[in-house]
Amino acid sequence: QVQLVESGGGLVQTGGSLRLSCAASGGTFSSHTMAWFRQAPGKERELVASITWSEGSTYYKDFVKGRFTISRDNAKNTVYLQMNSLKPEDTAVYYCAAALIGSAWSRGYWGQGTQVTVSS
C-alpha cells in the first residue's frame, strides 16, 4: 500500500525558509512524477512544483520560481521542497503527490498534508 507522509511544515516569518519532506513507501516510483501542491483557505488546490523520479526533471509554477527548489533522494525514497524567501501568500496546506507519468493527478497518491504558515 503506497503511503506518502509529509513533514517539515510550521510557522515562519516573512523572508524565512522551510524544508518540506515527503517520505514515500509501499511501492516503486521510477515511472512516477512526484509533486507538491498547496491549498490555501477558500482556494483551490494548486500545483507548486514537480519532479520526475527517474530523471529528476523539474517544473515550477511561476509564483515559486527562484524561491522554491524541489529535489528527491532515491536512496531514501524522499522528495523535498526547499522554500526560501517565504511570503504570507505562501501560507497553505502543502500536499505531496505521486502519479504515473502522463496520468492525471486525481488518479495518483496523496499525502495528508502539512501546514505552512508565513507571518507578516
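This is a predicted model: local features need pLDDT of at least 70, side-chain atom pairs count only at pLDDT 80 or more; totals for chains, interfaces and linings use all residues.
The threshold applied here for a buried residue is under 20% relative accessible area.

Strand 4 has pairing partners in strand 9 and in strand 5. With strand 9, the pairing is antiparallel and extends over eight bridges; within this arrangement, Met34 stands opposite Ala98 of strand 9. With strand 5, the pairing is again antiparallel and comprises six bridges, and Arg38 is placed opposite Glu46 of strand 5.

In soluble globular proteins, nonpolar side chains tend to be buried together. In the present model, the largest nonpolar core contains 28 residues, and the members that touch the most others are Met34, Trp36, Leu81, Met83 and Tyr94. At least two residues of this core come from each of the following elements: strand 3 (18-25), strand 4 (32-39), strand 5 (46-52), strand 7 (68-73), strand 8 (78-83), strand 9 (92-100) and strand 11 (114-119).

Leu81 illustrates the contacts in detail. Leaving aside residues up to four places away in sequence, Leu81 touches Leu18, Arg19, Leu20, Trp36, Val48, Ala49, Phe68, Thr69, Ile70 and Tyr94.

## The disulfide

The structure holds one disulfide, which joins Cys22 to Cys96 with an S to S distance of 2.0 Å. Because Cys22 belongs to strand 3 and Cys96 to strand 9, the pair ties together parts that are 74 residues apart in sequence. A disulfide is a covalent bond between the sulfur atoms of two cysteines.

What is the handedness of the disulfide between Cys22 and Cys96? The torsion about the S-S bond is about -75°, and the disulfide is therefore left-handed. Cys22 has a relative accessible area of 0% and is buried. Cys96 likewise counts as buried, at 0% relative accessibility.

How values were computed. Residues are numbered from 1 along each chain as its sequence is written. Side-chain values use heavy atoms; hydrogens and water are left out. A nonpolar core is a set of buried Ala, Val, Leu, Ile, Met, Phe, Trp, Tyr and Cys residues joined through side-chain atoms within 4.5 Å. Buried means under 20% relative accessible area, exposed over 50%, partly exposed in between (1.4 Å probe, protein chains only). Helices (H or I, at least four residues) and strands (E, at least two) are DSSP runs, numbered from the N terminus. Contact means heavy atoms within 4.5 Å. Two strands pair if DSSP finds at least two bridges between them. A disulfide is a pair of cysteine sulfur atoms within 2.5 Å.
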